[in-house]
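Please look over the sequence and the structure shown here before reading on. The briefing that follows takes up a few side chains, topic by topic.

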Amino acid sequence: MNRREDNVTYYIGKKVKRGTNVKIWHYAYVGDYAEIGDNVSIGALAHVDYKTVVGANTRIAGLAYIAPLSNIGKGVFVGPAAVLINDRYPLTKRLEGVNIGDGVIIGAKSVIGSGCTIGNNSVVCMGAVVTKDIPPETVVMGHPAKAVYSRSEYEKKKCTWEKKLK
């Protein structure tokens with residue numbers, strides 16, 4: 001069903017469970033039977049497909065594609081044009097969603113393969129291609145994605161970067 005609220009047009013499927021304070025931007029799509037938690041933002045042209053769960057306080061940036069059957073934890077950021085895939089061998093009849101833990105950051109244009117689990121508080125750097133499970137508190141980058149440092153090291157680098165603004 002197409003919806004129009006506050007001059008924003010988007011599509012919401014059948015039997016979608018939507019929490020409070022959910023913001024869906026221009027031309028986004030939320031598929032049938034999706035569950036969207038409280039305080040979630042779904043960016044312009046993003047596609048959150050059917051039977052997907054999105055936890056509270058999560059932000060899905062524009063142009064992201066969340067494949068059917070995926071589970072996204074609480075406090076997650078999915079960057080622009082990131083893609084979660086559910087078809088390990090395209091056009092197979094067996095689909096596996098992606099599982100993303102709480103507090104995860106997925107960088108722009110990253111690709112997360114079918115059936116992969118991203119552990120709590122991990123970071124997938126922009127453009128990474130994830131082909132296997134990522135342990136909690138791990139930062140990965142590259143093609144295929146490989147661990148490069150811990151989340152605590154990431155936070156230190158982030159603080160150093162932000163201090164340069166002052």
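A polar contact is a pair of N or O atoms within 3.5 Å, where within protein one must be able to donate a hydrogen and the other to accept it, and where residues adjacent in sequence count only if both atoms are side-chain atoms. This is a predicted model, in which local features need pLDDT of at least 70 and side-chain atom pairs count only at pLDDT 80 or more, while totals for chains, interfaces and linings use all residues. Residues are numbered from 1 along each chain as its sequence is written, and side-chain values use heavy atoms, with hydrogens and water left out.

**Threonine 138**
- A polar atom of the side chain of threonine 138 lies 3.1 Å from the backbone oxygen of proline 136.
- Threonine 138 has a relative accessible area of 12% and is therefore buried (under 20%; exposed is over 50% and partly exposed in between, with a 1.4 Å probe and protein chains only).
- Leaving aside neighbours within four places in sequence, threonine 138 is in contact (heavy atoms within 4.5 Å) with residues including Asn121, Val123 and Tyr149.

**Charges over rings**
- A charge sits over a ring if NZ of Lys or CZ of Arg is within 6 Å of the ring centre and within 35 degrees of the ring normal.
- The charged end of lysine 157 sits over the ring of tyrosine 149, at 5.0 Å from its centre, and lysine 23 lies over the face of tryptophan 25, 4.7 Å from the ring centre.
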